[in-house]
Amino acid sequence: MDTHQVESPDMSMTTRRRLIASLLAGGAVIATAPLFAGRASAASTGGSPQRDPADNAALNACLERESRMVATYRKAIVGLTANDLTAMTLILDHHVAYADALKGYLAVDVVNPSSAPLASPIGSIASIARQLAALENQTATIHTDTIGQIKGLDAATLLASIVTVEARHAAALELIGGASPISAVGN
Amino acid sequence: MKNTSTSSPISRRTMLRSSGALVATSAVLAACGSSKPSIARIGESPTMVKLEDLAVTDVVLLRTAMSMETMAAAMLSDSAVTSLASKDSAPVIAAFAAGHTSHLEDLRGLITARNGEPYSETNAKLMRAYGQTALDLVASGKLPEDTLALTLAVEALVASTYQYFVSLTAEPALRAGMVQLGGQSSRRAAIAAQLINGGTVGFAPALDKDGVALVATLPNTFGSLSTVQVKLGPPNEVGSRTTVLMDTPSLNSLIY
């Protein structure tokens with residue numbers, strides 16, 4: 001009986017092992033690429049971190065402010081009708097989204113925020129708008145000050161996108177409250 | 001019993017021999033090579049100039065912000081706008097232009113404090129890309145409502161620019177300054193939108209009876225960084241108007 005023992009299986013075993021090792025090495029490189037990309041991005045902003053745990057306290061304060069704005073708008077819309085109700089509900093939804101975004105960012109580091117309303121706006125739509133405009137201005141200022149304190153770029157970017165719209169809320173509400181266009185800008 | 005052991009066609013020795021031969025051949029071929037380009041070329045080829053390695057620093061962002069504020073002031077005070085603006089909107093637009101000019105002083109101080117050189121020109125690339133086109137369309141359309149539409153677009157653009165710059169700024173205190181300046185433009189955008197479509201009815205995005213989107217004071221939940229679009233100029237033969245696309249400055253339009 002002739003037995004033909006071919007050695008090539010041993011070689012192919014080695015090749016397969018090498019192939020697997022190469023794939024693992026390649027996978028590791030791909031997995032670490034975003035890490036290096038993150039470093040490159042941070043390098044363009046003077047080495048600012050994307051996140052900094054030291055920012056959490058200030059961000060929790062922003063979250064609390066947004067939660068209280070939500071509660072305030074929930075009180076303010078009671079009794080409103082038609083377009084006024086639609087407009088104020090839209091702003092209420094914005095604040096709900098801001099609170100959710102901050103909660104999402106903080107994740108397990110969220111400290112249960114107070115949801116006590118900041119005011120109880122009542123009266124005509126003009127009167128309600130004036131009170132809410134003042135609160136919007138204060139909220140935008142709180143967030144802007146926070147941007148100046150925190151180190152993390154991601155949180156600063158998130159807050160900047162919130163302040164941009166809250167500035168619009170404030171100006172529009174001031175206009176509804178009876179301010180002139182030029183004074184509503186606050187130049 | 002005959003045991004025939006067949007080794008792999010590529011043994012270590014064969015591989016070393018082949019590699020050696022390959023290296024030797026490569027060395028011979030490389031030595032025969034010429035430094036002159038082998039592809040025939042007709043005419044003169046330009047000398048390759050290596051691009052300067054430029055960094056996006058805080059000063060670069062501030063200088064670019066100055067160019068954007070100057071551009072906004074120039075566009076809002078251009079004769080194409082001032083000559084067409086209505087009696088009610090003209091003083092508002094003029095105040096907005098003055099607001100941009102006043103921001104230049106703030107920015108100048110921030111730049112000199114960082115040993116940078118202030119920039120007092122408009123952003124030439126963006127003026128060429130869409131600024132001048134927008135003004136030409138307003139002038140040719142002769143529609144007073146275009147002046148407020150352009151004002152809204154310019155203010156939204158400046159607000160987006162500052163918002164975008166926050167993600168590029170290294171110094172946290174300066175990020176807050178950027179947001180503060182952008183917030184002013186954001187407020188002006190809201191006022192311009194209210195002058196176009198006023199009252200609480202104008203807050204939320206909506207459509208008119210023909211299904212055309214109306215101007216909304218609060219079009220987004222979060223500040224948008226997408227292209228600002230504005231319809232300007234005379235309607236064409238089918239009744240549609242030119243849409244001008246305005247983008248925030250990018251790497252090729254920053255003022256280094």
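Which helix of chain B holds both B:Arg108 and B:Glu105, and how many residues apart are they? Both residues lie in helix α4 of chain B, three residues apart, which is about one turn of the helix.

This is a predicted model, in which local features need pLDDT of at least 70 and side-chain atom pairs count only at pLDDT 80 or more, whereas totals for chains, interfaces and linings use all residues. Residues are numbered from 1 along each chain as its sequence is written, chains are lettered from A and ligands numbered from 1 in the order in which they are written, and side-chain values use heavy atoms, with hydrogens and water left out.

**Chain B as a whole**

Seven helices and three strands make up the secondary structure of chain B, where helices (H or I, at least four residues) and strands (E, at least two) are DSSP runs numbered from the N terminus. Read from the N terminus on, the order of these elements is β-α-α-α-α-α-α-α-β-β. The radius of gyration of chain B, taken over C-alpha atoms, is 29 Å, well over the 18 Å that the globule rule gives for 256 residues, so the chain is more spread out than a compact globule; that rule is 2.2 Å times the number of residues to the power 0.38. Along its principal axes, the C-alpha trace of chain B spans about 105 × 55 × 45 Å.

Of the 256 residues of chain B, 43% count as buried, a class that means under 20% relative accessible area, with exposed over 50% and partly exposed in between (1.4 Å probe, protein chains only). Contact means heavy atoms within 4.5 Å, and among the contacts in chain B between residues at least 6 apart in sequence, 73% join residues at least 24 apart.

**The interface of chain B and chain A**

The size of an interface is often given as the accessible area lost when the parts come together. Chain B and chain A bury about 4,300 Å² between them, 64% of it on carbon and sulfur atoms; buried area is the accessible area (1.4 Å probe) that two parts lose on being put together, summed over both. The contact takes 53 residues from chain B and 55 residues from chain A.

Between chain B and chain A, 13 residue pairs are in polar contact, both residues being at pLDDT 80 or more. A polar contact is a pair of N or O atoms within 3.5 Å; within protein, one must be able to donate a hydrogen and the other to accept it, and residues adjacent in sequence count only if both atoms are side-chain atoms. On the side of chain B that touches chain A, the elements giving two or more residues are β1 (3–6), α4 (89–112), α6 (144–166) and α7 (172–196) of chain B. The largest share of that side, 16 residues, comes from α7(B). Its residues divide into 28 nonpolar, 21 polar and four charged, where Ala, Val, Leu, Ile, Met, Phe, Trp, Tyr, Cys and Pro count as nonpolar, Asp, Glu, Lys and Arg as charged, and the others, Gly among them, as polar.

A:Ala87, in helix α3 (residues 82–106) of chain A, is buried with a relative accessible area of 1%. Not counting residues up to four places away in sequence, A:Ala87 touches B:Thr200 and B:Phe203.

**Salt bridges**

A search of the whole structure finds six salt bridges over all chains, each being a side-chain nitrogen of Lys or Arg within 4 Å of a carboxyl oxygen of Asp or Glu. Across the interface of chain B and chain A the rule finds one. The table includes four of these pairs.

| Salt bridge | Closest N to O distance |
|---|---|
| A:Glu174 and B:Arg187 | 3.0 Å |
| B:Lys209 and B:Asp210 | 3.9 Å |

Within helix α4 of chain B, B:Arg108 is partly exposed, with a relative accessible area of 28%, whereas B:Glu105 counts as exposed at 51% relative accessibility.

B:Arg114 is partly exposed at 24% relative accessibility, and B:Glu171 is partly exposed with a relative accessible area of 30%. B:Lys209 and B:Asp210, by contrast, are exposed.
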